[in-house]
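Please open the model in your viewer and keep the selection tool to hand. The stops below go from one selection to the next, with a note on what to look for at each.

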Amino acid sequence: MMSITGPVYFWPSKLRRMKVGVVAIQGDFDKHIRAVTRVGGEAKEVRSAEDLEGVDRLIIPGGESTTVGLLMRRFGLADALKQRAAEGMPVWGTCMGMIMMAREVENRPDQYTLDLINISVRRNAFGAQVHSFEDEVPIAGLEEPVTGVFIRAPIVSRVGDGVEELARYEDKVVAVRAGNLVGTSFHPELTDDTRLHEWFLNLRP
């Protein structure tokens with residue numbers, strides 16, 4: 001399992017602020033924006049291909065994957081995002097965002113995805129909304145676990161070539177990385193712990 005602290009750099013105040021786009025179509029994107037701001041980044045709402053211009057990296061938050069996928073294609077964001085990711089822009093998907101980044105959805109084979117990470121995911125793997133919960137999740141390279149907020153959360157059911165596991169919960173893979181691409185099953189933005197946001201802002205492929 002790789003170290004989360006290895007391939008990063010730390011950008012001091014003399015460098016320009018990192019501009020982080022947050023897909024603002026649905027979900028708790030505002031919480032991600034607040035977390036990015038708290039760790040010193042400049043957050044920008046992204047809804048279209050044009051919004052993606054000038055963004056250094058991107059977060060895809062939770063939401064409803066069918067709706068978000070439809071609107072991302074309608075606004076031209078899906079193709080633009082795939083192009084930027086192929087060029088090396090870091091992208092982080094949380095919960096639904098990880099589903100959107102996966103190659104395939106095990107229990108929804110007709111689900112549209114961006115096919116960015118060579119993984120299969122299983123939607124709602126921990127149950128329905130009423131089964132939402134919080135628990136500690138050890139992350140590779142972090143001394144202390146993070147609090148994982150699981151809301152209709154997916155799991156990674158297959159880890160393909162070139163993909164590293166970052167975290168497991170109850171022996172289920174809940175966080176992965178493939179170079180500049182990161183996916184987490186849970187919602188770090190719903191806690192006061194901004195360590196993962198800080199790590200993402202410092203991520204170097």
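Throughout this tour, a residue is called buried when its relative accessible area is under 20%, exposed when it is over 50%, and partly exposed in between, with a 1.4 Å probe and protein chains only. Accessible areas come from the Shrake-Rupley method with a 1.4 Å probe, and for residues only the protein chains shown count as cover. The model is predicted, so local features need pLDDT of at least 70 and side-chain atom pairs count only at pLDDT 80 or more, whereas totals for chains, interfaces and linings use all residues. Residues are numbered from 1 along each chain as its sequence is written, and side-chain values use heavy atoms, with hydrogens and water left out. Helices (H or I, at least four residues) and strands (E, at least two) are DSSP runs, numbered from the N terminus.

**First stop: the core**

Select M72, L81 and I119, which touch the most other members of the largest nonpolar core, a set of 34 residues. A nonpolar core here is a set of buried Ala, Val, Leu, Ile, Met, Phe, Trp, Tyr and Cys residues joined through side-chain atoms within 4.5 Å. To see which elements build this core, colour β3 (57-60), α2 (65-74), α3 (77-86), α4 (96-101), β5 (102-105), β6 (117-122) and β11 (172-178), each of which supplies at least two of its residues. Among the contributors, α4 gives the most to this core, with 5 residues.

Next, pick R84, which is placed in helix α3 and is partly exposed, with a relative accessible area of 23%. Draw a distance from R84 to V55: the two are 29 residues apart in sequence, and their C-alpha atoms are 9.7 Å apart in space.

**Second stop: salt bridges**

Side chains of opposite charge can pair when their charged atoms come close. A salt bridge is counted when a side-chain nitrogen of Lys or Arg is within 4 Å of a carboxyl oxygen of Asp or Glu, and by this rule the count comes to 10.

Begin with R47 and E45, whose side chains meet in a salt bridge at 2.7 Å, N to O; R47 is partly exposed at 35% relative accessible area, and E45 is also partly exposed, at 34%. Then move to R195 and D193, where the N to O distance of the salt bridge is 2.6 Å. Here R195 counts as partly exposed at 26% relative accessibility, and D193 counts as partly exposed at 23%.

Which residues form a negative surface patch? Select D135, E136, E143, E144 and E170 to display it. Patches are made of residues with over 30% relative accessible area and no salt bridge, with like charges joined within 9 Å and nonpolar side chains (Val, Leu, Ile, Met, Phe, Trp, Tyr) within 5 Å. Lys and Arg count as positive and Asp and Glu as negative, while His and the chain ends are not counted; the place of a charge is taken as NZ of Lys, CZ of Arg, CG of Asp or CD of Glu.

Then go to E170, in the loop between β10 (164-169) and β11, which counts as exposed at 55% relative accessibility.

**Last stop: backbone and strand**

Most residues other than glycine have a negative phi. Stay on E170, where phi is near 50 degrees, a positive value, and then select D115, where phi is near 55 degrees and likewise positive. D115 is placed in the loop between β5 and β6 and counts as partly exposed at 39% relative accessibility.

Finish with L166 in strand β10, which is buried, with a relative accessible area of 3%. From L166 to E134 the C-alpha separation is 18 Å, across 32 residues of sequence.
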